[in-house]
Amino acid sequence: MDKILEAVVTSSYPASVKQGLVRRVLEAARQPLEREQCLALLALGTRLYVSGADELPRRVGCQLLHVAGRHHPEVFAEFFSARRVLRLLQGGAGPPSARALACVQLCLQLLPEGPGADEVFALLRREVLRTVCERPGPAVCAQVARLLARHPRCVPDGPHRLLFCQQLVRCLGRFRCPAEGEEGAVEFLEQAQQVSGLLAQLWRAQPAAIMPCLKELFAVISCTEEEPPSSALASVVQHLPLELMDGVVRNLSNDDSVTDSQMLTAISRMIDWVSWPLGKNIDKWIIALLKGLAAVKKFSILIEVSLAKIEKVFSKLLYPIVRGAALSVLKYMLLTFQHSHEAFHLLLPHIPPMVASLVKEDSNSGTSCLEQLAELVHCMVFRFPGFPDLYEPVMEAIKDLHVPSEDRIKQLLGQDAWTSQKSELAGFYPRLMAKSDTGKIGLINLGNTCYVNSILQALFMASDFRHCVLRLTENNSQPLMTKLQWLFAFLEHSQRPAISPENFLSASWTPWFSPGTQQDCSEYLKYLLDRLHEEEKTGTRICQKLKQSSSPSPPEEPPVPSATSVERMFGGKIVTRICCLRCLNVSSREEAFTDLSLAFPPPERCRRHHHHHHHRRRRLGSVLLPAEDAGAPEPGSAGPPRQRKHCITGGVPPTILDMEGLGPHGLGGQSGQEEKAERGQSTEEAAAAGEEEGEAEKVEEKEKVEEKAEEKAEEKAEAEEKVKEKAEEEVEEKVKEEREKKVEEEKEEKEAAAADGEEAAAGPGPGTLQSAAAASGDGSRSVLDLVNYFLSPERLTSENRYHCESCASLQDAEKVVELSQGPRYLILTLLRFSFDLRTMRRRKILDDVSVPLLLRLPLAGGRGQAYDLCSVVVHSGLSSESGHYYCYAREGAARPALAPGAAERPEPDNQWYLFNDTRVSFSSFESVSNVTSFFPKDTAYVLFYRQRPEEGSEAEPGSPRTRAEPTLHKDLMEAISKDNILFLQEQEKEARSRAAYISALPASPHWRRGFDDDKDEDKGPPGGCSPAGGSGGDFHRLVF
């Protein structure tokens, strides 16, 4: 019968014929058979089931075994002995086949109880252990798992059970998906799940086996000598009890026998498990291990693994089945990696296409992921401001998604960051940082010193000033200028990607600034220019005295002091004229300035200026009078008490006083950020302002009285003559002008009222974010509006009346400011910071102000001067005590427009750069213009304009048209050369040590050229700017 059946199965008959013949044979086998015949059928069934070439012989073999086992149990028990099982399992080289194990499992179901069965189970307990120790493939392991799940008596017992569990973990680590395509992947996943399910069953029966298995798991994933283990190990994690998590992580992170290289390898491979589709709690275990490493300050591992794996984790957001785990790990990695922007910036190219894919998916999972991703992006942009050129495509991609509140952003940023570990983070930046493609060098942030870095880069890019500093000779009696010369020289010639301004910062430190806190960059600039100016004046004076004392000839008249470098580059002059409206006497005073502060006009005033530009073109481009000039009379005339002016904003009671710049004045500069009040401010406002500055007024009055007493006798006769002559000549003209002015003002008020109605309906422009203290106008202010506001005549009335010397009493007057001499570099500060008396906090005006490339300023006498924009310092944040500064700049002045048909070739002078601490990148004027539209809290604050040479005039020495940099003196050149050699040696040493370290990693991390660390975390509110955490070990070996 067995011969007939075998012949039928192996014949070439049609399948239907074969099946009919097989049915007849099986029916005959159910009848009583001789022992030899039954054993022959069992042998045939076993052979067909294990070795059948296709489905039919395997099915026939299974049916034969079933029939014999049920209808001939005695013969079946004799056949299926321990010897037969052993022969079946050890029939070939290596581990048994999956079909042999399946056959054993089938026969165990049919085997009757008895001594023979006990012998078979004892044999199988040894054989399954031997099988897993031989590292079989997924199919065999899965069959072992099915066998033991169906027949628990086959599970090894005693100490062998623990060994068996550990070997199962090893087997899982060797799994490889044998087939491609969806079917093969699904089968592979099922096999891994069956093996891990067996482990879970064994752990439930013997919980003591869990910890040894976890140690085995860690040994597998931390091994750096073998090929990477399979992600099938992720299936084990889902069965680990979560209550063990804290203890396991704590023991592992504190185990001194685990090297950093092993830990790095293990956590890297665990993060790869995020792609395992059927795993539960994988993200929880990964995050727990990352937290454990942070708790023991293993930041080098965390930084390495974050930079190597964050892009891979991000890519898994595309797949809904693993999206939840990937998003959890991504959020944790980004929100903890706050000491540097590098991890976030690795994702920037991938975010727009990811957003597009999730939008296209249009599922609940995709929508939820989009919302969380957008929230995460807003957090990172808030934490690392100052990269508008990189962030614009990302912000454009998420513009239609929900924007989280600032409180929500701060809450997220404050959850898990490593921000309390500044000192430990100092040495963990990748050192192999390349110099920027721009050729420019960055400045290291030493702890909220971005305000210094931005100003220094703006001054460095002012090429005339840079050349002047670099030409400084040795032994010049100007220690601060010498330190600036060294800093500029290294910024020009060093091979390092970034240098530390530590020595220069210490020398130029503003005494009233608190170390480690954010400060006002405009205030620092005023102080720095004043220090440089005074130092040069003092040095020149000392040199002249020494020269005179060493000369035997009689002393000559002291020479007229020459202008200092600061005066030549940044010094201008303004004239203030005050006309008494009673006697028409005009007092004037000319003073020097190095920067001009521009207040924001009230919204209604700004609209009126927009409407009437054609009446006031001659006034475009004004200045803010220095504090000493407010009502300052010429010698022989007394001025009125100085009153603080108010910033009145639309829709807000006028309770905001500007409190900036309370420190020492710069060279003829502003004493603070004084704002111009609208004509007609109330008596109560003026009185409140007067009380605030009462003491300052007393001091000023005392000075004026003394000045008047000294010069009164000398000027009295001449002043009386001038008053009489002038009064006769001007009285009629002034009366006529007053009448015309009143008619014009009435007309303007009517037109402005109509314009107010139209613009109120229009609302604020797109992309404009305004604070409560900011104007709620149309969002279209420009620098010209602010300039025009300050050029407007100011009426001094009521409590602010002017003390006229001729009238010997307080009188209504009109004050006018004019530029008498423009500086080579015009510095404009937009007065964005004000003090809100209601909240008792400093606030920032977030209005978007358009910055023109070309600014035309009128000078006294009807002359005019053109200025080209060369630098813009941007403040990112909501107050002067926090946030971040960065700088857009270009060399020299803008070139004239190209002639028609000329090749549009970018000139070096026209190339814009973005300086953000250590990071320097190419930029454009378009980026400068649009920065506030994309990032409402990033606003232009300090502007540098360069005077355009007159038509036909020759290029002055040191101008941008003269491209050659000055020759440095010998000591400075030698210092730069030595440091460049040292830097190359450091790079070589770092490369060798890094190569040895990376070779131990599971895979080479995606190192990025140009890694930089613009700023670190801050102890204050997120979004601030703070140190770069050391910025690489090689940077701090050279400081300035």
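1. Strand β3 (residues 572-580) pairs with strand β12 (residues 813-821) in the antiparallel sense over eight bridges. Two strands count as paired if DSSP finds at least two bridges between them; strands (E, at least two residues) and helices (H or I, at least four) are DSSP runs, numbered from the N terminus. Within β12, E818 is the bridge partner of V575.

2. The model is predicted: local features need pLDDT of at least 70, side-chain atom pairs count only at pLDDT 80 or more, and totals for chains, interfaces and linings use all residues. Residues are numbered from 1 along each chain as its sequence is written, and side-chain values use heavy atoms, with hydrogens and water left out.

3. β3 also runs antiparallel to β4, to which eight bridges join it; R577 has S588 of β4 as its bridge partner. Strand β9 (residues 794-796) pairs with β12 in the antiparallel sense over three bridges, and L796 stands opposite A813 in β12.

4. The four strands form an open sheet with antiparallel pairing, in the order β4-β3-β12-β9. Its edge strands, β4 (586-593) and β9, each pair on one side only.

5. L278, L318, Y319 and I321 make a nonpolar surface patch of about 380 Å². Areas come from the Shrake-Rupley method with a 1.4 Å probe, and for residues only the protein chains shown count as cover.

Note on methods:
Patches are made of residues with over 30% relative accessible area and no salt bridge: like charges are joined within 9 Å, nonpolar side chains (Val, Leu, Ile, Met, Phe, Trp, Tyr) within 5 Å. A salt bridge is a side-chain nitrogen of Lys or Arg within 4 Å of a carboxyl oxygen of Asp or Glu.
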